[in-house]
Amino acid sequence: MTPRDASDSPRGRWSDLSRPPLSTTALRRGLVRGDGLWRQVDVVQRTGSTNSDLVALAVAGEAGEGAVLVAEEQTAARGRLDRQWTAPARSGLFFSVLLDPADVPVTRWGWLPLLTGVAVATGLSRAAGVDTALKWPNDLLVTVGDEERKTGGILAERAGDAGIVIGVGINVTLQADELPVPGAGSLALAGAVSTDRDPLLRGVLRSLEDWYGRWRAAGGDPAASGLQETYAAGCATLGRVVRAELPGDRSLVGEAVAVDGEGRLVLATEAGVQEPVGAGDIVHLRPA
């Protein structure tokens, strides 16, 4: 299966002039280099999920490391814990990348979603002029008015022996009456200096290439690469009292005090112990 380029179908291409389409040709020209990470960039008009599509391509041997698949609209996008992610066409950045860090121990691959969060936050700060924080493990937060809102998320999935596919969804131009749920936000509502998706996507992917290169050069070591320290510095969860909703209908309340070497969130509980949380949903109960 081969993704169909959005530019191949003129229907609806310019239907919303306030949300112009992405250009595959321009993105390839700006991102694909002989010595770079990104080898192939495709933009499709509409699909169910870029993650599902890229996993299928990777497993079939039709995509390798450095493949990028972007959709103008997703109809079956998924977030963490199988939550649905919906947004109007061309209102955000919805893309997946295929990475295959074969020279890094698999035990350190769990840092890849956190690495992507750092890269996206860094890229958006530079390209959109918006201060983006991270909610553990990989939600992207912006401030709208005086309220913290989720504007994006990250989902990682194994693609068999081909590597790992990481999907990113970012609300860019959504207005207040288009937000899918209470607590959602967008770069536009957060006062971004630019909502042009082309430079935003380039900025994010270049930042991801940079951080991925640093992490691989350090053998996936989060401390030696600077990733652990940078993630902690930008993590809005640290210093807060939170509730961790854990698998098996369990919950744990405590102060988030650290992100450990395995990328787990460490909670200091009222019982006086520190417990690492590796999976679960985190609810911020009190501001830092």
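**Figure 1. Five strands form an open sheet in the order 13-12-11-10-14.** The pairing within this sheet of the predicted model is antiparallel. Strand 13 (274-277) and strand 14 (281-284) are the edge strands; each has a single partner strand, so one side of each has no neighbour in the sheet. From one strand to the next, the twist averages 45 degrees.

**Figure 2. Strand 10 pairs with strand 11 in the sheet.** Strand 10 covers residues 241-246 and strand 11 covers residues 250-259. The two run antiparallel and are joined by six bridges. Within this pairing, V242 stands opposite G254 of strand 11.

**Figure 3. Strand 12 and strand 13 form a hairpin.** Strand 12, residues 265-268, runs antiparallel to strand 13, and four bridges join them. V266 stands opposite P276, a residue of strand 13. Five residues lie between the two strands of the hairpin. In this hairpin G272 takes a positive phi, near 85 degrees.

**Figure 4. An arginine lies over the ring face of W211.** The residue in question is R214, placed at 4.1 Å from the ring centre of W211.

Technical notes: Residues numbered from 1 in each chain as written. Predicted model: local features only at pLDDT ≥ 70, side-chain atom pairs only at ≥ 80, totals over all residues. Heavy atoms only, no water. Pairing = 2+ DSSP bridges. Axes fitted to C-alpha atoms, helices over the stretch in contact; angles between N-to-C directions. Lys NZ or Arg CZ within 6 Å of the ring centre and 35° of its normal.
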